[in-house]
Amino acid sequence: MKRFLVILALLSGTVCFAADSLSKQATAFYSDNNYQKTMDLILQIPEEERSAQDWLLLGNVLEDKGEKDNAVFMYQKAIATDSKYYKAYYNLANNYLENSQYNMALQNYKKASRLNDENPYIYYNMACAYMKLGELKKAKTNLNKAIMLKSDVPDFHYNLAYVYKQLNKPKLAQTYLENFNKLTQSL
């Protein structure tokens, strides 16, 4: 009986190691834009052993293939696997933003920002959703957060200039437009 448990424990470790190895390989193939190989490797991992990262990669691949609904399902599986995995909320929100589901996008960006408050792109994209909804003051707040975290992204400044222009604050709009121009000249 003891021998069986030892062998079972060794086999379980091998399965976890194999799943981890497949995940790492899939991530490497994904970073090389080899989406088919990424998907093939992750699909070799039993569903119950897939990490949130595995589900996220599947969602990303499906999104790249234009399968938006299936991508949403995969992002939700990532969240179900690890509710503290901010990237799944972020990618889910991006999907909603792209499909003009602004309130759903905002819900997920807010969850992502609670889990990682140092990612400027969360705030930038949240601002874009607020702009689409016409909530310019909230857009301004989020653009300022994005700039505070990463001040060298021209689009952050350009959109803040636009928001200030819409809020009838031409001097501030001009300031951020000048920042945008300086940043784009240095590229």
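## Helices H7 and H9

Helix H7 (residues 120-133) packs with helix H9 (residues 154-166) at an angle of about 30°, and their axes lie 11 Å apart. Angles under 35 degrees count as roughly parallel, so H7 and H9 are roughly parallel to each other. The crossing of H7 past H9 is left-handed. Please keep in mind that this is a predicted model.

Which residues make the contact? On the H7 side they are Pro120, Tyr121, Tyr124 and Met131, and on the H9 side Asp155, Phe156, Asn159, Tyr162 and Val163. Sorted by class, the contact of H7 with H9 has seven nonpolar residues, one polar and one charged. Three of the names in this contact return in an aromatic setting: Tyr121, Tyr124 and Phe156 are linked into a cluster by ring pairs.

## Helices H3 and H4

Now for another helix pair. Helix H3 (residues 52-64) and helix H4 (residues 68-81) have their axes 8 Å apart and pack at an angle of about 170°. With over 145 degrees counting as roughly antiparallel, that angle makes H3 roughly antiparallel to H4.

From H3, the residues that meet H4 are Ala52, Trp55, Leu56, Leu58, Gly59, Asn60, Leu62 and Glu63. Their counterparts in H4 are Lys68, Asn70, Ala71, Met74, Tyr75, Lys77, Ala78 and Thr81. By class, nine residues of this contact are nonpolar, four are polar and three are charged.

## Aromatic pairs

How many aromatic pairs does the structure hold? There are six. In one of them, tyrosine 158 and phenylalanine 180 have ring centres 5.0 Å apart and planes at 55°, so the pair is tilted.

Phenylalanine 180 has a relative accessible area of 18%; buried means under 20%, so phenylalanine 180 is buried.

## Glutamine 166

Helix H9 also holds glutamine 166. Its relative accessible area is 41%, so glutamine 166 is partly exposed.

Note on methods: Residues numbered from 1 in each chain as written. Predicted model: local features only at pLDDT ≥ 70, side-chain atom pairs only at ≥ 80, totals over all residues. Heavy atoms only, no water. Axes fitted to C-alpha atoms, helices over the stretch in contact; angles between N-to-C directions. Helix = DSSP H or I, 4+ residues; strand = E, 2+ residues; numbered from the N terminus. Parallel < 35°, antiparallel > 145°, perpendicular 65-115°, else oblique. Contact = heavy atoms within 4.5 Å. Nonpolar A, V, L, I, M, F, W, Y, C, P; charged D, E, K, R; others polar. Left-handed = near helix turned anticlockwise from the far one by under 90°. Buried < 20%, exposed > 50% of the residue type's maximum accessible area, 1.4 Å probe, protein only. Phe/Tyr/Trp six-rings, centres within 6.5 Å; stacked < 30°, edge-to-face > 60°.
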